[in-house]
Amino acid sequence: MGCILNVLDNPTPEDLESIRGFLAEHNLATAGELNYKPLAIVLNDELDGSHLGGLRGCSYWGWLYVEQLAISPTVRGSGYGRRLLEAAEEVAKARSCHGIFLDTFSFQARGLYEKCGFEVFGQIDEFPQGHQRFYMLKRI
């Protein structure tokens, strides 16, 4: 069978779904059901309800992945990052996860994650130039 490679700068949703579908089929056959569940923990102002940050992620295959954690500069340094991570850990335990993983950059919150028990298990230097990207985990 002959094939053609097409590089798509603007793939359609169908293009992306096709790729995801092949991978999902392989993963299911090899590793079993994902049991994917999304997660959002939102930090709101107690007076007006406005968003001041939060954590978003998902759990699958027994791990919780923290995709993003962000806090408004107006309340940064007030302990809310730790509280968001603690809440995520409680969710992970309730979902029977045995760990949490995330990635962060040298100009972001590596120190916070280490204070909360995360360890670096991988690093890419010069990503972006002059900085590093860290991959971290915490077993629970």
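**Briefing: fold, core and surface of the protein chain**

The protein chain has three helices and six strands, and the model described here is a predicted one. Read from the N terminus, its elements follow the order α-β-β-β-α-β-α-β-β.

**Overall dimensions**
- The radius of gyration of the protein chain is 18 Å, whereas a compact globule of 140 residues would have one near 14 Å.
- Taken along the principal axes, the box filled by the C-alpha atoms of the protein chain is roughly 60 × 40 × 35 Å.
- Where contacts in the protein chain join residues at least 6 apart in sequence, 49% of them link residues at least 24 apart.

**Nonpolar core**
- The largest nonpolar core comprises 22 residues, and those with the most contacts inside it are Leu-55, Leu-64, Val-66, Leu-69, Leu-85, Tyr-113 and Phe-118.
- Two or more residues of this core come from each of strand S1 (37-44), strand S2 (51-60), strand S3 (63-71), helix H2 (80-94), strand S4 (99-105) and strand S6 (132-139).
- Once neighbours within four places in sequence are set aside, Tyr-113 is in contact with Leu-69, Leu-85, Leu-102, Thr-104, Phe-118 and Met-136.

- Of the 140 residues in the protein chain, 27% count as buried.
- The protein chain exposes about 9800 Å², and 54% of this area is supplied by carbon and sulfur atoms.

Notes. Residues numbered from 1 in each chain as written. Predicted model: local features only at pLDDT ≥ 70, side-chain atom pairs only at ≥ 80, totals over all residues. Heavy atoms only, no water. Core = buried A, V, L, I, M, F, W, Y, C linked by side-chain atoms within 4.5 Å. Buried < 20%, exposed > 50% of the residue type's maximum accessible area, 1.4 Å probe, protein only. Helix = DSSP H or I, 4+ residues; strand = E, 2+ residues; numbered from the N terminus. Contact = heavy atoms within 4.5 Å. Rg over C-alpha atoms; globule rule 2.2 N^0.38 Å. Areas by Shrake-Rupley, 256 points an atom, 1.4 Å probe, with all protein chains shown as cover.
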